[in-house]
Amino acid sequence: MNRRTLGTNGLQVSALGLGCMGMSEFYGQGDEKESIAVIHRALDLGMNFLDTADMYGRGANEELVGRAIADRRDEVVLATKFGIQRDGSGRTIQNSPEYIRAACDASLRRLGVDHIDLYYMHRRNPDVPIDESVGAMAELVRQGKVGHLGLSEVSADTLRAAVAVHPIAALQSEYSLFTRGLEAEILPAARELGVGLVAYSPISRGLLSAALPSADELPADDFRRHMPRIMGENAEHNRALADEVKKIADAAGVTAAQISLAWLLAQGDDIVPIPGTKRLRYLEENAAADGVTLTPEQLNALVTAVPADAVRGARYPSMTEVER
């Protein structure tokens, strides 16, 4: 697989990464044996950029990833995140230096590694000055526990303030044909600052595959049942948009998911999509998108079919944790 560079300090990763969240939670029942097989196959294909977080499965996802890479650590660019603390049925955003130090040590233990290649602040608590949080993260770099730093779902102003403290290799934010709000301010700021963009949900939680069932047909433990974009009239409208994408994909001889990933890859070599899957067949399909080159006419057709403001419904039931 092709390689891309995140940030100004030379963090090289595969052009497509693998989001591991759904292997442990949020997308219905998982199967650990198949999930580990997916991770191993990803590495075999050269997809070396693995993404997890301490809150996925309340630590279980990091443990799963750790078991999967135990004898292949040198093949992996390992990313994880801190900042969302789950307690009972609730959650809080924790960014204090003390919390960051403890969270990093806990992630290292669960992953079974001596360092994390890319360590993200998962969400920002505005009550904690960003220079204090990034300062604590920078100390982890000096200690050798972390290689590079990242932030997730922050504003352009927060990103600028963070870079003033320590180089930031990557900003992880949702970005796809269906989610393009960051193109106005956040993506230009990242480029101005030399920060790469790691695009999560690049197939819009499966909507862009043109094969996602209706919300009430999803498993009871699939969190997409509660996402405004996938509910009611919003879902009908957005499925019609996805069908238009599929028509363009069919004409190009690729799948709707592949053309959606290829569109993202074409937006700049500083963008790395991380489609998530727990199924081998979807991994193979996604990985093949690295070999899809779209013509200017095809790229134009896609944004004509899905204008930036065409999608209906919010990304999450509540957007309070996401900076804009």
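Leaving aside neighbours within four places in sequence, Ile186 is in contact (heavy atoms within 4.5 Å) with Val154, Ser155, Ala156 and Leu171. This residue lies in helix α6, which spans residues 186-193; helices (H or I, at least four residues) and strands (E, at least two) are DSSP runs, numbered from the N terminus. Ile186 counts as buried because its relative accessibility is 12%, where buried means under 20% relative accessible area, exposed over 50%, and partly exposed in between (1.4 Å probe, protein chains only). Between Ile186 and Ala138 there are 48 residues of sequence separation and a C-alpha to C-alpha distance of 22 Å.

The model is predicted, with local features requiring pLDDT of at least 70 and side-chain atom pairs counted only at pLDDT 80 or more, whereas totals for chains, interfaces and linings use all residues. Residues are numbered from 1 along each chain as its sequence is written, and side-chain values use heavy atoms, with hydrogens and water left out.

The protein contains 10 helices and 12 strands. Its radius of gyration, taken over C-alpha atoms, is 19 Å, which agrees with the value near 20 Å that a compact globule of 324 residues would have; the globule rule is 2.2 Å times the number of residues to the power 0.38. Along the principal axes, the C-alpha atoms fill a box of roughly 50 × 40 × 40 Å. Of the 324 residues, 56% are buried. Among contacts with a separation of 6 or more, 76% are accounted for by residues 24 or more positions apart. The accessible surface, computed by the Shrake-Rupley method with a 1.4 Å probe, comes to about 13,200 Å², and 48% of this surface belongs to carbon and sulfur atoms.

The protein carries 34 positive and 45 negative side chains, with Lys and Arg counted as positive, Asp and Glu as negative, and His and the chain ends not counted. The centres of the two sets lie 2 Å apart, the place of each charge being NZ of Lys, CZ of Arg, CG of Asp or CD of Glu.

Thr80 is located in strand β5 and, at 0% relative accessibility, counts as buried. Its side chain forms a polar contact of 2.6 Å with the side chain of Glu62. A polar contact is a pair of N or O atoms within 3.5 Å; within protein, one must be able to donate a hydrogen and the other to accept it, and residues adjacent in sequence count only if both atoms are side-chain atoms. The side chain of Thr80 also reaches the backbone nitrogen of Ala53 at 3.5 Å. Beyond four places in sequence, the residues touched by Thr80 include Thr52, Asp54, Ser107, Leu111 and Tyr120.

Arg72 occupies the loop between α2 (60-68) and β5 (77-82). With a relative accessibility of 14%, Arg72 counts as buried. The side chains of Arg72 and Glu75 are joined by a polar contact of 2.9 Å, and a polar atom of the Arg72 side chain lies 3.5 Å from the backbone oxygen of His40. Residues up to four places away in sequence being excluded, Arg72 touches His40, Leu43 and Asp44.

Leu280 belongs to helix α9 (residues 280-287) and counts as partly exposed, at 32% relative accessibility. With residues up to four places away not counted, Leu280 touches Glu34, Ala37, Val38 and Arg41. Leu280 and Ala42 are separated by 238 residues in sequence, and their C-alpha atoms are 8.9 Å apart in space.
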